[in-house]
Amino acid sequence: MPDLAQVTEHIRGAVGDNSGLGKTVKLDLGDVGKIFIDGASVPNSVSNDDKPADATVSMKWDDFIALSEGKLDPMMAFMQGKLKIAGDMMIAQKLAPLLKR
């Protein structure tokens, strides 16, 4: 199973210089840590900072890994309460392609 640093690096590569998000998103993975995607800056950046974001996606690490591997459907995770979104839900929906492994 990958660790936070590996996942952060993978997302950094997927985001690139311009993710098209145009906003900021924070992945809150509980005790494991956070991943902050700044899609508003040029170039875009990805870090493990805990900053305010336009949207915050909260979920457990194991659920996040299952989601990124395609073993957990994002809509089902949301409906089951495994995935919570605070803020702009439209931005969170644009995240899916960036999280696939």
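What share of the 101 residues of the chain count as buried? In this predicted model, the answer is 41%.

**Overall fold**

The chain holds 4 helices and 5 strands, and reading along the sequence gives the pattern α-β-β-β-β-α-α-β-α. Its C-alpha atoms fill a box of roughly 35 × 25 × 25 Å along the principal axes. The radius of gyration is 12 Å, which agrees with the value near 13 Å that a compact globule of 101 residues would have. Among contacts between residues at least 6 apart in sequence, 65% join residues at least 24 apart.

**The nonpolar core**

Now look inside. The largest nonpolar core has 27 residues, and those touching the most other members are I11, L27, L29, I35, I37, F64 and L95. Helix 1, strand 1, strand 2, strand 4, helix 2 and helix 4 each give two or more residues to this core.

**The largest pocket**

The largest pocket has a volume of about 330 Å³. It is lined by 16 residues, with P74, L83, I85, A92 and Q93 the closest to its centre. By type, the lining divides into 13 nonpolar, 2 polar and 1 charged. Helix 4 supplies the largest share, 6 residues. The elements below each supply at least two residues of this lining.

| Element | Residue range |
|---|---|
| Strand 4 | 55-59 |
| Helix 2 | 61-68 |
| Helix 3 | 74-79 |
| Strand 5 | 83-87 |
| Helix 4 | 89-99 |

Conventions: Residues numbered from 1 in each chain as written. Predicted model: local features only at pLDDT ≥ 70, side-chain atom pairs only at ≥ 80, totals over all residues. Heavy atoms only, no water. 1 Å grid on protein atoms, 1.4 Å probe; cavity = no way out; pocket = protein on both sides within 12 Å on 5 of 7 lines; lining within 4 Å. Points joined across faces, edges and corners; volume = space filled by probe spheres on them. Nonpolar A, V, L, I, M, F, W, Y, C, P; charged D, E, K, R; others polar. Core = buried A, V, L, I, M, F, W, Y, C linked by side-chain atoms within 4.5 Å. Buried < 20%, exposed > 50% of the residue type's maximum accessible area, 1.4 Å probe, protein only. Rg over C-alpha atoms; globule rule 2.2 N^0.38 Å. Contact = heavy atoms within 4.5 Å.
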